[in-house]
Amino acid sequence: MTGTGKAFGQPNMARATVGVEVRAATADLAMREVNAGVARVIAALKGVGIAEADLATQNLSLHFEREELPPP
């Protein structure tokens with residue numbers, strides 16, 4: 001990640017968007033792997049004191065990816 005910012009005053013809240021991306025041979029495998037990754041992210045966030053009530057899933061996308069073959 002990269003970013004810049006300026007803050008004035010005493011901050012009392014931070015907001016972050018975190019993503020997990022997986023490529024797999026099947027949709028089922030991709031979902032299992034992304035769920036495991038999200039579980040690790042949530043565990044890490046809870047481990048630093050973030051309450052479960054402050055965590056939310058905002059988006060889930062599953063896309064079909066096709067390999068382009070060269071012309072015969």
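What follows is a set of questions and answers about a predicted model.

Colleague: Which thresholds of pLDDT apply to local features and to side-chain atom pairs?
Modeller: In this predicted model, numbered from 1 along each chain as its sequence is written, totals for chains, interfaces and linings use all residues. Side-chain values use heavy atoms, without hydrogens and water, while local features need pLDDT of at least 70 and side-chain atom pairs count only at pLDDT 80 or more.

Colleague: How many helices and strands does the protein chain have?
Modeller: Helices (H or I, at least four residues) and strands (E, at least two) are DSSP runs numbered from the N terminus. On that basis the protein chain has one helix and zero strands.

Colleague: Is the protein chain more spread out or less spread out than a compact globule, and what is its radius of gyration?
Modeller: The globule rule, 2.2 Å times the number of residues to the power 0.38, is set against a radius of gyration taken over C-alpha atoms. For 72 residues the rule gives 11 Å, and the value for the protein chain is well over that, so the chain is more spread out than a compact globule, with a radius of gyration of 18 Å. Along the principal axes, the C-alpha atoms fill a box of roughly 65 × 25 × 15 Å. The answer is therefore more spread out, at 18 Å.

Colleague: What percentage of the residues in the protein chain is buried?
Modeller: Buried means under 20% relative accessible area, exposed over 50%, and partly exposed in between, with a 1.4 Å probe and protein chains only. The accessible surface, from the Shrake-Rupley method with a 1.4 Å probe and, for residues, only the protein chains shown as cover, comes to about 7300 Å², of which 54% belongs to carbon and sulfur atoms. Of the 72 residues in the protein chain, the buried share is 4%.

Colleague: What is the volume of the largest pocket?
Modeller: On a 1 Å grid over the protein atoms alone, a pocket is an open set of points where a 1.4 Å probe fits, with protein on both sides within 12 Å along at least five of seven lines, and lining residues have an atom within 4 Å of a point. Grid points are joined across faces, edges and corners, and a volume is the space filled by probe spheres set on the points. For the largest pocket this comes to about 1600 Å³.

Colleague: Which residues lie nearest the centre of the largest pocket?
Modeller: By class, its lining has 22 nonpolar, nine polar and seven charged residues, where Ala, Val, Leu, Ile, Met, Phe, Trp, Tyr, Cys and Pro count as nonpolar, Asp, Glu, Lys and Arg as charged, and the others, Gly among them, as polar. Of the 38 lining residues, those nearest the centre are Val18, Gly19, Val20, Val38 and Asn59.

Colleague: By about how much of the helix are Arg32 and Asp28 separated?
Modeller: Arg32 and Asp28 form a salt bridge, with their closest N and O atoms 2.9 Å apart. Since they are four residues apart in helix α1, their separation is about one helical turn.

Colleague: Is Ala36 buried, partly exposed or exposed?
Modeller: Ala36 lies in helix α1, and its C-alpha atom is 9.6 Å from that of Val20, 16 residues away along the chain. With a relative accessibility of 33%, Ala36 counts as partly exposed.

Note on methods: A salt bridge is a side-chain nitrogen of Lys or Arg within 4 Å of a carboxyl oxygen of Asp or Glu.
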